[in-house]
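User: Can you walk me through this model? Start with the terms, then take my questions as they come.

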Amino acid sequence: MTLAETVTYQNAEGSFAVTGRFIGFDGDNISLLTDGGPVTLAAADLSCVGAPCPDLQNHVPVLRMIGAERMTGMLMPALLEGYARDQGLTISEDDGRWLLVSDPDGPVISVVLTAAAPGAAFDAFVDHRADALLSLRELRPAEVQAAHAAGLGRVTVARQARILALDALVPVTTPGSAQRFTSLADVTAVLAGTSDVFDPYLPADLSGLLEGFEDRFMTPFGLALARPDTGYSDIDALRLAIESAENGLALLPFGEVGNTQPLKLSGPCGVVSQAELLSLKTEDYPLTFPVLLYLPQRRLHPRIDDFLDWLRSPSAHLVIRRVGLADLAAVPIPLAEQGERLAHAITNAGREVPLSELQRLVRLLGPRVRMSNTFRFEPGSTRLDGQSRSNVMQIAQSIRDGRFAGQELLFVGFSDGVGPAAANRDLSSTRAETVRRAVLRALGERVPDTVLIETDAFGEALPMACDDAIWGQQTNRRVELWVGPQARSNPEP
């Protein structure tokens, strides 16, 4: 049978029966979609009635994944091939269906990849015609509510919303242009059709990363991406158009800029941000977006779980880098390599950030290295954003695995420069403590004796962006992770 066919399960006496669409088997339990919503039944206690009943004894687990073509056509095939190599499996593909086979045991898992526009993909997910939603943007509040109403659970929690990688949008212009910088304000104005600094270039269908850009940087301010008379069919067509334009501007995915001229983002305070692998990992580049895998709130087959767990492995991280995305593996960044950040900190330090505080910062952080894991919060909230929740789980797992044995983990809070410096330092201290508590909860309040977890805060002392815009303030409100050998005491102020 195929998934989504209607079946009936009943007990031995025939006194209990449930009819619905077959949507999954986790090795022990059957999931059906009935008129009253999703139902999970213990397979051992029931028998199936009718011709389309599945053969659970020889059931090959099927994972149906639907979503962005950039993920179904590029990322997931590469990850499936990497998983097959790691597990010693043979892999084959036929019309979007990938079959992974073990020589002695036969088929292990089948994965169906279907490319679809965001709206159609989401509809299939909430209708249980897909087991996983692949998305280049975060779900909108109305979509989260619809998923919950459809019985998919709280799809934004860490166990259901898994971040596979990080992508970004890069403003680009014509090759050979003298332009090297632009501001995010100019980018939004040009693409909204309210500025003639550049000519806007956009695809015919706005989806994926561009929808994420519109949601984050335009919709809150009453702006929307223009719908041009000439829209380009795909990224390749858009890139070719920019390469031959006179004064065009487009947003292209990281790693897809081709021969165009990438533009750095700059602000009036002099801070410059460029799309690079490291700035994506730290999310210090403002146009960074999570590459998301959304799952339903139901148990999946152990073989499917094994594949999904592998997606967090070092082997998967390597595959992700090879396809041109930023992986989630933490990398160390010594203070000595952050001279530009320190120079901006000194240049932009206000009267309320004394030299003594900057000196304390250097004394405290100098012996340590910054890890690329950075923690930020949802706008106007004390709740960690999706990427940060993923970072919490990753750090907790690294602690459990012993990777930080003998080390001190120092969560350091920073703020924007809006308001009094003392209040900002208090806020940044509170944020650092929030992250520390989240990690402790993820560890079940059990921290190995060999690991020390502490916090500190410097408020507005080390800006990553200009505070003239909300996105810059949001970038500056962060908690960084600094790691070093445990010391008897920290440098005094």
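Analyst: Terms first. Ala, Val, Leu, Ile, Met, Phe, Trp, Tyr, Cys and Pro count as nonpolar, Asp, Glu, Lys and Arg as charged, and the others, Gly among them, as polar. This is a predicted model: local features need pLDDT of at least 70, side-chain atom pairs count only at pLDDT 80 or more, and totals for chains, interfaces and linings use all residues. Residues are numbered from 1 along each chain as its sequence is written, and side-chain values use heavy atoms, without hydrogens and water.

User: How do the residues lining the largest pocket divide into nonpolar, polar and charged?

Analyst: They split into 24 nonpolar, 13 polar and 13 charged. A pocket here is an open set of points on a 1 Å grid over the protein atoms alone, where a 1.4 Å probe fits, with protein on both sides within 12 Å along at least five of seven lines; lining residues have an atom within 4 Å of a point.

User: How much space lies in that largest pocket?

Analyst: About 1,400 Å³. Volume is the space filled by probe spheres set on the points, which are joined across faces, edges and corners.

User: Which residues lie nearest its centre?

Analyst: Glu138, Asp215, Arg216, Pro379 and Gln474, out of 50 lining residues.

User: Which element gives the most to the lining?

Analyst: E18, with five residues. Elements supplying at least two include strand E11 (161-173), strand E18 (288-294) and helix H12 (386-400). Helices (H or I, at least four residues) and strands (E, at least two) are DSSP runs, numbered from the N terminus.

User: Which way do E11 and E18 run?

Analyst: Antiparallel, joined by seven bridges. Arg162 has Leu293 in E18 as its bridge partner. Strands pair if DSSP finds at least two bridges between them.

User: What else does E11 pair with?

Analyst: Strand E14 (residues 248-253), antiparallel, over five bridges. There, Val170 stands opposite Leu252. Strand E15 (residues 261-262) also pairs with E11 in the antiparallel sense, over two bridges.

User: How many residues of E11 are buried?

Analyst: 13 of its 13. Buried means under 20% relative accessible area, exposed over 50%, partly exposed in between (1.4 Å probe, protein chains only).

User: New topic. Is Ser428 buried or exposed?

Analyst: Ser428 counts as buried because its relative accessibility is 0%. Ser428 lies in helix H13 (residues 421-442). Leaving aside neighbours within four places in sequence, its contacts (heavy atoms within 4.5 Å) include Phe414 and Phe458.
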